[in-house]
Structure formats: structure tokens, C-alpha cells
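Please look through the structure shown below, together with its sequence, before reading on. The briefing that follows takes up helix packing, sheets, single residues and the backbone in turn.

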Amino acid sequence: MASNKELHERRLAATPRGIAVGNSFFIDRAENAELWDVEGRRYIDFGGGIAVLNTGHRHPKVMAAVAEQLERFTHSCYQVVPYESYVTLAEKINQLTPGTHAKKTAFFSTGAEAVENVVKIARAATKRSGIIAFSGAFHGRSMMAAALTGKVVPYKVGFGPFPGEIFHAPFPVPLHGVSVQDSLDFIQHLFKSDIEPARVAAIILEPVQGEGGFYQAPVEFMVALRKLCDEHGILLVADEVQTGFGRTGKWFAMEHYPVLPDIMTMAKSMAGGTTLSAVCGRAEIMDAPLPGGLGGTYAGSPMAIAASHAVIEVIEAEGLLARSNALGEKLKGFLNEMRAKVPQIVDVRGPGSMVAVEFNDPATGKPDADFTKRVQARALEKGLILLTCGVYGNVLRLLYPLTTPDAIFDEAMGILAEALQGS
């Protein structure tokens, strides 16, 4: 087997620089919250493939479900020859998502594909074109999804022009001087200066921003958005690609709010590392596109559908919603205790296990991306994989599997303590 160095050199020669890779080692195998590289070194995985592995690497039930499906068929294209498991999973998603109203669900392959289709559905249902998104948002890398994404570098540089009728309002982050009222006032400013509300099809937001820094939308903000949408006939779209399937301590982050979205997107941890996404919404909205207007050759892959059925069973059988809250509280308690020793820590936050810690320079009070990178690098040297995020690059997000054993979780916190203190 080739070494990490050899593979890294081959990667640079064979693949484009636009596909950024955060680590120079290559995975060989993985199990639950651990992985081993091609040279045999062990790592604790608190990146989770960017929030894809809520049920861990290679959960036995997920593996068994995919293996069983492989013995039956791998592909028929649902639009050509449908299969029951797709329908059954749609029924489950309709039941699990918040609200008791009639819903329908369509399956796709990636989070970006779900976002692309939610825009199509919203425009078809409202006969309007405008979409309002938020600064710091990440909705994907395809053209419409990148247009909605509220971060230029690296997601938009050199790729324009983007689809029109996309507008951004500041996301409320009091830590960075943006209040709920500031955000709401800016939307009113958009209505006066850029687009009348009668031409806005949807307002889309992540209930907890992912790439943007793990900032949770305040309850009063979500309530105000729901009221605003109802007033103007605008659809409220919740992008739950990263927040769904137990990450925030509930099936979906919108369950933390007293209002309902009209449509939701989901992906990442819904299928245990296989490729699946979905759009779920009010039945009458989902039925707006004409037959043939939605779909995709690989959309709703039978292997991924089988994996998703297993993921739902695992979350229920192993009590992973409660474990998400318990692990999150344990981690946040630890990080808050570290404040006394690490003056760079300015905030510890996140519902359930969608936990982040943010760092500022104690001398200037400004975001400290360099310190964040140093903590990440020191942790990696000791065998702990961490991810950064945030508009300023000064946030660590911790996306461990919800199935992480207690001993490994404690080991990871010990490594993190050393990395935070520079030892």
C-alpha cells in the first residue's frame, strides 16, 4: 500500500486544486468514531465527514441493510421502475418532520441537489422568483446553491455570474453586533430597495448555521420570519442538511421552535455515509411542479434508501436523541470550564451535539483564526480530527458520532484540553 506522502503527491498531480483537502493522510479503514490511515495511525473522528456520521462509521445495522439491498438490486431509476422502500421512507420522513399537516417527500442525492429542487418547488408553488437567504449561510456548491450561500471565499470566487433574484440579509449574531431587529429591518430594506415582497417566493435559512459558525437562529427571529412569510405569502424554507437526524438533540432543529417551516431540506446524516438527500414539505406545495419536473437518474438510490431506513432504526433503538443532548452538555460543560485557562475562548454554544467554540484575540477582542488553526493542528498531531468554520475562520465545530463510546469521548476531550492549552 502506498504511503501518505506518495498518495499526497499523486493527488496533487492528478486532481485539481479546487478540491481542497484538509489533511495530508489518507484513510484506510474506520469503525464508529475511529479511523486509521494507510500507515496504520489511529485518529478519533470529530469531523464526521462534515456531519454525515451521526450513527458512526460503518454502523452494523446500516452495513447490513446496504448488503441486503445489494443482493436484490442496485439501481432501476425510481422514475423508470419504482421500489417500495422509497415510498416507505417518504412516509417515515413525513411522519418524523415537525407538524401534523399533510406532507410529501422527494429524494435526491446531495444537499446541494435538495436545495436546487427546493427553489424549483418554491417558485412553482408561488409563481414568484425571488429568494432571500442570509449572510454566513452555506447551501451548497452548485450554481443556485452557491448563489444562496452567504460566503464569497472560496465558494463564489471566479464562478459568476450567478442566478438572479437572490438577496442576502444579515443573519442575527449578537456576538458580532447583529441583532434580531437588525436582520428584520434589513429584510424590510430589501422590500423597499430591491424586490417587493409579492415577488419573493421563499426565505431560506439554516436553523443553526453550519459553515457560517454554528450560530442558532433565535426563537424570536424564527417566529418573526414565520409571521413575515404569512403576511406576504412567502414560503419559509428550513435547510436542515447539517442539523437533521439528531445532531441538535431532536430529529430536526425546527423542533426547537414554536413555528413550522413550509418546506425542509435534509441530507448528510440521513443515510449513514451513503448518498441521499430529501425535500419534505406541505403536500400542496410539493405537488406544484408538473410530472417530470423533479427527479434524477440516481435520486433516491436504493442502497442509500436502505441505509436511511437503518439510520432511523438506530437513532430510535439506541436513544441517540437523548445521547446527543447528554454528550453535548458534557462537552459544553468541559469547554466552559476551560475558559479560565484559555482566555481566547469567547463563546461556547450549540443545541444538542451541534457544539462550537469560538476564539478571539484577548488583546484586541477580534476573531482569532490563527489560534483556531493552531488548536486544530495540535489536536491532529495527538490524533483528534477537528473542523473549523465561521465567516472569520475562528470557530471549532465538533461533529463526533452520536454513537461515540464514553471512553473515546473522554479521550478526545483530554486531547482537546491539551491542544487548547498548547501542550
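The crossing of helices α3 and α10 is right-handed, where a crossing is right-handed if the near helix is turned clockwise from the far one by less than a right angle, and left-handed if anticlockwise. The model is a predicted one, in which local features need pLDDT of at least 70 and side-chain atom pairs count only at pLDDT 80 or more, while totals for chains, interfaces and linings use all residues. Residues are numbered from 1 along each chain as its sequence is written, and side-chain values use heavy atoms, with hydrogens and water left out. Helices (H or I, at least four residues) and strands (E, at least two) are DSSP runs, numbered from the N terminus.

**Helices that pack against α10**

- The axes of α3 (residues 60-70) and α10 come within 8 Å and cross at roughly 150°, where axes are lines fitted to C-alpha atoms, for helices over the stretch in contact, and angles run from 0 to 180 degrees between N-to-C directions.
- That angle makes α3 roughly antiparallel to α10, because angles over 145 degrees count as roughly antiparallel, those under 35 as roughly parallel, 65 to 115 as roughly perpendicular and the rest as oblique.
- On the α3 side the contact (heavy atoms within 4.5 Å) is made by Lys61, Val62, Ala65, Val66, Gln69 and Leu70, and the residues that α10 brings to this contact include Pro302, Met303, Ala306 and Ala307.
- By class, the contact of α3 with α10 has 12 nonpolar, one polar and one charged residues, where Ala, Val, Leu, Ile, Met, Phe, Trp, Tyr, Cys and Pro count as nonpolar, Asp, Glu, Lys and Arg as charged, and the others, Gly among them, as polar.
- Helix α4 (residues 84-96) also meets α10 (residues 302-317), their axes coming within 9 Å and crossing at roughly 40°, and α4 passes α10 in a left-handed crossing.
- Among the residues that make the contact of α4 with α10 are Tyr86, Leu89 and Ile93 of α4 and Ile305, His309 and Ile312 of α10, and the residues of this contact divide into six nonpolar, four polar and three charged.

**The sheet that contains β1**

- Four strands form an open sheet in the order β1-β2-β3-β13, with mixed pairing, where two strands pair if DSSP finds at least two bridges between them.
- The edge strands of this sheet are β1 (27-31) and β13 (384-385), each of which pairs on one side only.
- Strands β1 and β2 (residues 34-37) run antiparallel and are joined by four bridges; the partner of Ala30 is Leu35, and the partner of Ile27 is Asp37.
- β1 and β2 form a hairpin with two residues between them, and Asn32 in the turn has a positive phi of about 55°.
- Helix α13 (residues 406-420) lies across β2, β3 (42-45) and β13, running at about 95° to β3.

**The sheet that contains β11**

- Another open sheet of four strands has the order β11-β12-β15-β14, with antiparallel pairing, and its edge strands are β11 (345-349) and β14 (387-389).
- The twist of this sheet averages 25° from one strand to the next.
- Strands β12 (residues 355-359) and β15 (residues 395-398) run antiparallel with four bridges between them, and Val357 stands opposite Leu396.
- Helix α11 lies across β11, β12 and β15, running at about 165° to β11.

**A residue of α13**

- Asp406 has its place in helix α13 and, at 44% relative accessibility, counts as partly exposed, which lies between buried (under 20% relative accessible area) and exposed (over 50%), with a 1.4 Å probe and protein chains only.
- Leaving aside its neighbours within four places in sequence, Asp406 is in contact with Arg323 and Leu327, and the C-alpha atoms of Asp406 and Leu327 are 8.9 Å apart, although 79 residues separate them in sequence.

**Backbone features**

- Most residues other than glycine have a negative phi, and most peptide bonds are trans.
- Ala51, in helix α2 (residues 48-51), has a positive phi of about 70° and counts as buried at 1% relative accessibility.
- Glu165, in the loop between α6 and β6, has a positive phi near 65°.
- The peptide bond from Val153 to Pro154 is cis, with omega near 5°, and the bond from Gly160 to Pro161 is cis, with omega near 5°.
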